[in-house]
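Thank you all for making the time this morning. I would like to walk through one structure with you, slowly, and to say as we go how each term is meant.

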Amino acid sequence: MSMRTLRLIASSVAILAVGCRNPLDPKADVRIESFGGRATFLQTDNSIINQYYPTSVQFASYGTVAAILTSYTVVYRQVGPQNDPACTQGPGQPICALGGAAGRRYAMRTHLAPRTNDSTRNVPTTVTIHILTSELLKYIVEHGDTVNGGLDLDLTFFGTDHNGHDLTVTGTFHIEVFN
């Protein structure tokens with residue numbers, strides 16, 4: 001067997017071992033930089049005067065691969081214990097009335113640019129999401145025990161990068177509830 005034949009066989013084995021993708025194929029490195037938003041509402045005689053603002057999430061890409069976010073899930077957790085007769089839960093558990101452990105899933109489509117010119121990160125991309133829903137505000141009004149610590153909203157964003165890798169970015173948004 002010649003040296004040329006051995007190289008061809010070795011190359012074929014290497015391709016089979018790693019598959020068709022380039023083993024040096026980078027993945028996107030996307031992180032949440034910050035959250036923004038506020039909600040105010042006033043309850044008077046069982047009517048809600050509601051004024052709420054969309055929440056913004058600021059993403060930054062630290063990698064050289066662009067990405068597209070296609071959906072996000074919100075799992076609503078009550079920091080204190082839940083005393084709802086339909087679903088009593090200990091502190092920090094998902095709220096049954098707001099989707100439980102599965103939460104609520106929303107569609108989106110946002111393109112995140114990659115880092116360029118050897119900078120440490122790209123210019124952040126700000127995305128508006130609607131996690132402060134009328135369903136959530138109604139739950140807060142009807143359940144006075146939310147005052148005990150407020151609510152944590154666990155956010156998970158899903159998408160893919162331009163090299164075909166799945167992308168998941170997570171963060172927690174806290175809502176403090178006052179009397």
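Let me begin with strand pairing, where two strands count as paired if DSSP finds at least two bridges between them, and where the helices (H or I, at least four residues) and strands (E, at least two) are themselves DSSP runs, numbered from the N terminus. In that sense β10 and β11 run antiparallel and are joined by ten bridges.

Residues are numbered from 1 along each chain as its sequence is written, and side-chain values use heavy atoms, with hydrogens and water left out.

On confidence, pLDDT is the predictor's confidence in each residue, from 0 to 100, and for the protein chain its mean is 78, with 74% of the residues reaching 70 or more. Helix α1 has the lowest confidence, at a mean of 45, and β5 the highest, at 94. Over residues 5-21 the pLDDT stays under 50, and for that stretch the model has four contacts (heavy atoms within 4.5 Å) beyond four places in sequence. Where pLDDT is low, the predicted coordinates should not be read in detail.

Let me return to β10. On its other pairing, β10 is joined to β5 by eleven bridges, again in the antiparallel sense.

Which residues of β10 make up its covered face? They are Leu151, Leu153, Leu155, Phe157, Gly159 and Asp161, while Asp152, Asp154, Thr156, Phe158 and Thr160 form the uncovered one. In a regular strand the side chains alternate between the two faces of the sheet. Buried here means under 20% relative accessible area, exposed means over 50%, and partly exposed is in between, with a 1.4 Å probe and protein chains only. Strand β9 is joined to β4, residues 55-61, by five antiparallel bridges, and threonine 55 stands opposite isoleucine 129.

That brings me to the core, where a nonpolar core is a set of buried Ala, Val, Leu, Ile, Met, Phe, Trp, Tyr and Cys residues joined through side-chain atoms within 4.5 Å. The largest one has 31 residues, of which Phe59, Ile131, Leu136, Leu153 and Phe157 touch the most other members. Among the elements that give two or more residues to this core are β4, β5, β9, α2 and β10, and the largest share, five residues, comes from β5. Leaving aside neighbours within four places in sequence, leucine 136 is in contact with Tyr76, Leu98, Ile131, Leu151, Leu153 and Ile175.

Next come the charged pairs, and a salt bridge here is a side-chain nitrogen of Lys or Arg within 4 Å of a carboxyl oxygen of Asp or Glu; by this rule the count comes to four. In one of them, arginine 77 meets aspartate 154 at 2.4 Å, N to O, and this pair links distant parts of the chain, with arginine 77 in β5 and aspartate 154 in β10, 77 residues apart. In another, arginine 104 and glutamate 135 meet at 2.7 Å, N to O. Arginine 104 lies in β8 and glutamate 135 in helix α2, so this pair ties together parts that are 31 residues apart in sequence. Both are partly exposed, arginine 104 at 26% relative accessibility and glutamate 135 at 32%.

Finally, how many disulfides does a search of the whole structure find? It finds one, a disulfide being a pair of cysteine sulfur atoms within 2.5 Å. Cysteine 87 and cysteine 96 form it, with their sulfur atoms 1.8 Å apart. Cysteine 87 counts as buried at 14% relative accessibility, whereas cysteine 96 is partly exposed at 35%.

Notes
This is a predicted model: local features need pLDDT of at least 70, side-chain atom pairs count only at pLDDT 80 or more; totals for chains, interfaces and linings use all residues.
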